[in-house]
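Subject: Structure handover

Hello,

Here is the structure we talked about. Please open it and keep it beside you while you read the notes below.

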Amino acid sequence: MPSPAQTTAAPPDEARSRLLQAWKGEILAGAVYDLIARRMPEREADILRRMAEAEGGHRRRLEQRMTELGIPVPDPASVRVPLLLRLQARIAPVERLLAAREAAEDEEVDDLYKRPTGDPATDQLLRDIRKEERSHSLAVQDIRSGSVDASGSAADVIPDTPLAAPGVSTRLDRILGRERWHRTGGGWISGAIYGANDGLAAVFGIVAGVSGATGGGSAVLTAGIAGAIASALSMATGAFLAERSESEVAAANVDRERREIAEHPEEEKEELSLFYQLKGIDEKTADELAERMAQHPEAMLKALSSEEFGVSDAGGGNAREAALAAGVSTGLGAIIPVIPFMITTGTAAIVAAAVVSLIAHFLVGAAKSLVTLRTWWSAGLEMTLAGVIVGGATYAVGLALPT
């Protein structure tokens with residue numbers, strides 16, 4: 001039973017509002033951490049999942065206080081992660097997602113948990129949670145920087161996680177200082193979105209320019225189709241070569257690591273031991289594990305390659321898949337401004353092309369928010385404005401050209 005000091009028949013409106021807002025925020029944060037964890041390496045994913053569990057603990061404490069104040073606790077199932085946020089968590093670059101979560105944790109600390117509510121017990125609870133939210137922000141910062149180590153930031157969030165021995169991170173950074181050449185990658189979905197963006201913008205400019213020069217004559221169709229095909233082939237070729245180059249870099253990294261194991265076995269064993277220590281294994285056991293792994297060079301190669309640059313073999317992305325995604329998306333985006341000229345010509349075709357193209361600009365801009373994490377409407381409006389500028393400028397140029 002709550003004490004009289006804890007219970008009030010009419011909690012201040014600010015306390016009610018902030019408790020409900022904090023409760024909803026904890027559910028959303030936990031869900032987002034879990035979604036991001038599915039895309040992270042094992043060590044960082046474990047930290048994020050424990051942070052998600054901590055958000056659940058915050059929620060239960062908030063629910064207890066809400067019950068004490070007679071505030072009805074909503075059904076947690078009623079709090080749904082917005083579709084855009086779920087898609088961003090699955091598609092956007094992980095580095096960008098972590099930066100957004102770090103900013104969100106900082107914003108919650110500064111805005112939601114600091115200001116008094118008029119209810120002392122609620123203020124104390126929010127202050128206690130604020131300290132833990134601040135440690136979450138620091139832990140996310142450590143994951144982003146790759147320094148989840150003896151600094152203790154992650155361990156503050158996860159008290160049961162053993163700390164690595166002092167100096168482990170410094171020693172490992174020294175060893176890896178010569179190996180900061182490893183790859184970063186992006187998914188085919190982001191490539192497809194940017195392909196549609198490029199194809200639409202480029203061919204809309206062509207269509208607008210030729211329309212200005214010819215009054216919307218049949219030449220627009222020829223120029224538009226030629227531009228769409230050229231854009232699609234160019235993007236597909238570029239994506240194929242870029243993905244193949246990335247695979248070649250990954251293969252070169254693995255080959256270089258193989259040579260280092262052969263040429264500097266003691267240093268590579270120390271490096272592997274340090275990685276194990278960063279996972280919480282004591283130094284003696286980590287050294288023994290590294291010694292055993294050294295007896296199997298290929299297994300050691302896979303372990304070091306996985307820890308250092310996220311691959312265990314020479315494999316990379318699928319170049320054909322990347323080329324197909326970029327080529328098809330660019331072609332689809334590029335053909336949109338041309339469609340009206342397949343049906344008619346003249347002023348009607350020009351107006352129709354402008355309308356459908358600007359609508360497509362908005363939709364493609366909104367889709368880019370899945371990767372950039374901006375609000376969908378601001379990204380869509382920005383893209384639409386860019387389309388207006390490109391179309392208007394090229395149409396004016398077309399009018400000025402002799403026919």
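Ser357 counts as buried, with a relative accessibility of 0%. Its place is in helix H15, which covers residues 346-372. What does Ser357 touch, once neighbours within four places in sequence are left aside? The contacts are Leu200, Phe204, Ile336 and Pro337. Bear in mind that this is a predicted model.

Now look at Leu363. This residue is also found in helix H15. Is Leu363 buried or exposed? Leu363 is exposed, because its relative accessible area is 55% and the cut-off for exposed is over 50%. Leu363 and Thr384 are 21 residues apart in sequence. In space, their C-alpha atoms are 8.8 Å apart.

Follow the chain on to Leu373. Leu373 sits in the loop between H15 and helix H16 (376-400). Check its backbone there. Phi of Leu373 is near 70°. That is a positive value in a residue other than glycine. Leu373 counts as partly exposed, at 23% relative accessibility.

**The whole chain**

Step back for a moment. The protein chain has 403 residues, and 43% of them count as buried. How many helices and strands are there in the protein chain? There are 16 helices and zero strands.

Next, the contacts. Take those between residues at least 6 apart in sequence. Of these, 75% join residues at least 24 apart.

Then the surface. The accessible surface of the chain is about 20,100 Å². Carbon and sulfur atoms account for 60% of that surface.

**Salt bridges**

Side chains of opposite charge can pair when their charged atoms come close. The count here is 11 salt bridges.

Start with Glu14 and Arg18. Their side chains form a salt bridge, at 3.0 Å from N to O. Where do the two residues lie? Both are in helix H1 (residues 13-37). They are four residues apart, which is about one turn of the helix. Now compare their surroundings. Glu14 is partly exposed, at 31% relative accessibility. Arg18 has a relative accessible area of 1%, so it is buried.

Go on to Arg38 and Asp34. These two also form a salt bridge, and their closest N and O atoms are 3.0 Å apart. Arg38 counts as exposed, at 51% relative accessibility. Asp34 has 27% and counts as partly exposed.

Which parts of the chain does the pair link? Arg65 is in helix H2 (residues 42-68). Asp119 is in the loop between helix H4 (94-112) and helix H5 (120-145). The two residues are 54 apart, and the pair links distant parts of the chain. Are they buried or exposed? Arg65 is buried, at 5% relative accessibility. Asp119 is buried too, at 9%. Salt bridges with shared partners join Arg65, Glu68 and Asp119 into one network.

Turn to H9 and helix H10 (residues 265-278). Their axes come within 5 Å of each other. They cross at roughly 115°. The two helices are therefore roughly perpendicular. Which residues meet where H9 and H10 come together? From H9 come Glu257, Glu260, Ile261, Ala262 and Glu263. From H10 come Pro265, Glu268 and Glu271.

Ile343 is found in helix H14. Its relative accessible area is 69%, so Ile343 is exposed.

That is the tour. Please write back with any questions.

Best wishes

Technical notes. Residues are numbered from 1 along each chain as its sequence is written. This is a predicted model: local features need pLDDT of at least 70, side-chain atom pairs count only at pLDDT 80 or more; totals for chains, interfaces and linings use all residues. Side-chain values use heavy atoms; hydrogens and water are left out. Buried means under 20% relative accessible area, exposed over 50%, partly exposed in between (1.4 Å probe, protein chains only). Axes are lines fitted to C-alpha atoms, for helices over the stretch in contact, and angles run from 0 to 180 degrees between N-to-C directions. Angles under 35 degrees count as roughly parallel, over 145 as roughly antiparallel, 65 to 115 as roughly perpendicular and the rest as oblique. Contact means heavy atoms within 4.5 Å. Accessible areas come from the Shrake-Rupley method with a 1.4 Å probe; for residues, only the protein chains shown count as cover. A salt bridge is a side-chain nitrogen of Lys or Arg within 4 Å of a carboxyl oxygen of Asp or Glu.
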